[in-house]
Amino acid sequence: MSTFVVIAVLVIAAAALVFIGHGRARGGGRGLKHRFGPEYDRSVALHDGYVPAAERELAERVKQYGPLKAKPLAPEARERYQAQWAEIQSQFVESPQTAATKADALLSHLAEERGLPGGEQFEEQMAALSVHHAHCAHGYRSMHTAARSRAGTEEIREAMLEARSLFEALVSEQPTDPPRSRPQSPDRGHAPWAQGRRQAKGSGTG
């Protein structure tokens, strides 16, 4: 009888450990999905839907780039970047492709000045951005793609709107936790590409 009791206790203990392990795995998955947002779904898609492989990759990103500390941005540097971004906005109407190229380069330089890897290796810089600015880093990817392809005006406009969120995060000292309900930037609706988007909807032209 005592042997039976011992075996039963061991079986129950093993089952409990398996249950706890599954619970932790699910919790880790939820944590990564919450942390990485769109990058989580993209990583899963790149691994053909195999979640464990995607989560291992994302966890490795956190391990590698998580310890990086953001370097403060001097007030004069912040003003310079803001002026450059405003100039890019004004150039969009005349030359969307030129604006996209300049915006891509500006984001790369700004990220490097804030202490992230240099833009010479885009994927490495993107991986670091996905750890520290996960919920707006996809804007940089969209901008990078638009700057290096024959993208149409509407596609570039959408990319610049997405990239604006990352620019604001990098140029400010604010944390970039998952957004809840952020107020719209006062000048966002007045950006040339935003105006063009409203006119395109009203006129039926691209």
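Where pLDDT is low, the predicted coordinates should not be read in detail.

This is a predicted model, in which local features need pLDDT of at least 70, side-chain atom pairs count only at pLDDT 80 or more, and totals for chains, interfaces and linings use all residues. Residues are numbered from 1 along each chain as its sequence is written, and side-chain values use heavy atoms, with hydrogens and water left out.

Now the salt bridges, meaning a side-chain nitrogen of Lys or Arg within 4 Å of a carboxyl oxygen of Asp or Glu. By this rule there are 8. Glu-57 and Arg-61 form one, at 3.0 Å from N to O. They sit 4 residues apart in helix H3, so about one helical turn separates them. Helices here are DSSP runs of H or I, at least four residues, numbered from the N terminus. Arg-61 is buried at 10% relative accessible area, while Glu-57 is partly exposed at 29%. Buried means under 20%, exposed over 50%, and partly exposed in between, with a 1.4 Å probe and protein chains only.

Glu-123 and Arg-141 form another salt bridge, at 3.8 Å from N to O. Glu-123 is in helix H6 and Arg-141 in helix H7, so this pair ties together parts 18 residues apart in sequence. Both pairs belong to a network of salt bridges that also includes Glu-39.

Notes:
Helices (H or I, at least four residues) and strands (E, at least two) are DSSP runs, numbered from the N terminus.
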